[in-house]
Amino acid sequence: MPVKEIKVAELNAEDFIAEKTKEIASIVGDGLAVNALSGGVDSSAVTMLGHKALGKRLKTYFINNGLMRQNEPEKIVSLFKELGVQVEIVDAQEKFFNALKGITDPEEKREAITQTFYKEVFGRLVKESQAKHLLQGTILTDVDETVAGIKRQHNVFEQLGINPEEAFGYKIIEPLVQLRKDGVRVVAEALGLPRSVFNRMPFPGPALSARVIAEATPEKIKIVRLATAITEEELASISVFQCMAILHQDRVTGIRNGKREFGLQVEIRCWDSIDARVAKPTRLSYDILERLANRIVTEVPGVVSVTYNITAKPPSTMEAV
Ligand code: XMP
């Protein structure tokens, strides 16, 4: 059944929260549910909705897949502790890197993340906790692009004819699926989440593996993690929809200390957008770009070239993978 969109102009956050809380409580009944919190606005909003509906009967996990940004697991857990939500970190780094081994194709990479996340990691957590439901923050843009065959978002099943209960052994509840990112931000604020969360830049489910062209090895993830930290730091004071660093596969000839260095290339993308359906590259000043490039080639080992993407979505997509 097609999903009925709720546009931000017609969204009443209080009514939405009341309705979804009731819905979650009635679906889960007196059972248990689990959810994965990544700290992004979607999963944070779902966590708060779920806790409102189920209290302690919702168990929230932060899955450390080894692909997250610098210090992300600790930061998110302590932020939610302040909000009164207990979050358990699950160390699944080895599982994800094993699943990604040897994979170069973008869609295969996304599929490997999906299977590891839903089958291996959550399959076990659900069994252990005896929960029957997983709550997750799929939004309408995730569904649209997956159904259109543009990009298989890691969290879309039913619209592809996949029954999560048969495939993974539990049901999935998606309270945000009628909203786009701008609507989720309004709901997140109404749920009492701090600005640092409701205004947070989107970060994709496949995390930094979506920012490495070809195989996402632990070594390459380390490089792109550092480039990401520098990029986010340098662009922190500018209001953008999303910015990212991408590690390319091809090497180029550079010079360092008077010697040839056949080094790595990092591409920077920075987007202006409202709902991620269409986007334009931000017109960053040359001063900012130069400072960013200088820091990356100085601080990230092996990188000799930094480029800035100037192509809009479409025909680009926002993430490179
Ligand atoms: P694209 O690259 O499709 O990205 O133009 C649009 C927005 O979606 C995010 N994105 C994802 N989010 N799971 C997610 O939860 C995914 O598999 C995924 N892929 C892309 C991306 O960061 C951007 O904000």
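**Aromatic pairs, the ligand site and the backbone**

Modeller: Happy to! This is a predicted model, and it holds 7 aromatic pairs. Let us look closely at one of them, Tyr-61 with Phe-122. A pair of aromatic rings is described by the distance of the centres and the angle of the planes. Here the ring centres are 6.2 Å apart and the planes meet at 80°; since planes over 60 degrees apart count as edge-to-face, that is how the pair of Tyr-61 and Phe-122 is classed. Now see where the two rings come from. Tyr-61 belongs to strand S2 (residues 58-64), while Phe-122 sits in helix H5 (residues 106-129), so the pair ties together parts that are 61 residues apart in sequence.

The loop between S2 and helix H3 (72-82) contains Asn-71, a residue that is not a glycine and yet has a positive phi of about 55°. Gln-130 is not a glycine either, and its phi is positive, about 65°. Why point these out? Most residues other than glycine have a negative phi, and most peptide bonds are trans.

The bond joining Lys-313 and Pro-314 is cis, with omega about -15°. Pro-315 is also found in the segment after S10, and the peptide bond from Pro-314 to Pro-315 is cis too, with omega near 5°.

Lys-313 leads us on to the ligand. Of the 16 residues around the ligand, Lys-313 is one of those that come nearest, together with Glu-145, Lys-151, Gln-242 and Glu-319. By type, the shell around the ligand divides into 5 nonpolar, 6 polar and 5 charged residues. An N or O atom in the side chain of Gln-242 is 2.7 Å from an oxygen atom of the ligand. From the backbone, a polar atom of Met-318 lies 2.8 Å from a ligand oxygen, and a backbone N or O atom of Gly-205 is 3.3 Å from a ligand nitrogen. Taken alone, the ligand exposes 490 Å², and the protein buries 94% of that. The space that the ligand takes is the largest cavity.

Conventions: Residues numbered from 1 in each chain as written. Predicted model: local features only at pLDDT ≥ 70, side-chain atom pairs only at ≥ 80, totals over all residues. Heavy atoms only, no water. Near = heavy atom within 4 Å. Polar contact = N/O pair within 3.5 Å; in protein donor to acceptor, adjacent residues only side chain to side chain. Areas by Shrake-Rupley, 256 points an atom, 1.4 Å probe, with all protein chains shown as cover. 1 Å grid on protein atoms, 1.4 Å probe; cavity = no way out; pocket = protein on both sides within 12 Å on 5 of 7 lines; lining within 4 Å. Sits in = over half its atoms within 2 Å of the grid points. Nonpolar A, V, L, I, M, F, W, Y, C, P; charged D, E, K, R; others polar. Phe/Tyr/Trp six-rings, centres within 6.5 Å; stacked < 30°, edge-to-face > 60°. Helix = DSSP H or I, 4+ residues; strand = E, 2+ residues; numbered from the N terminus.
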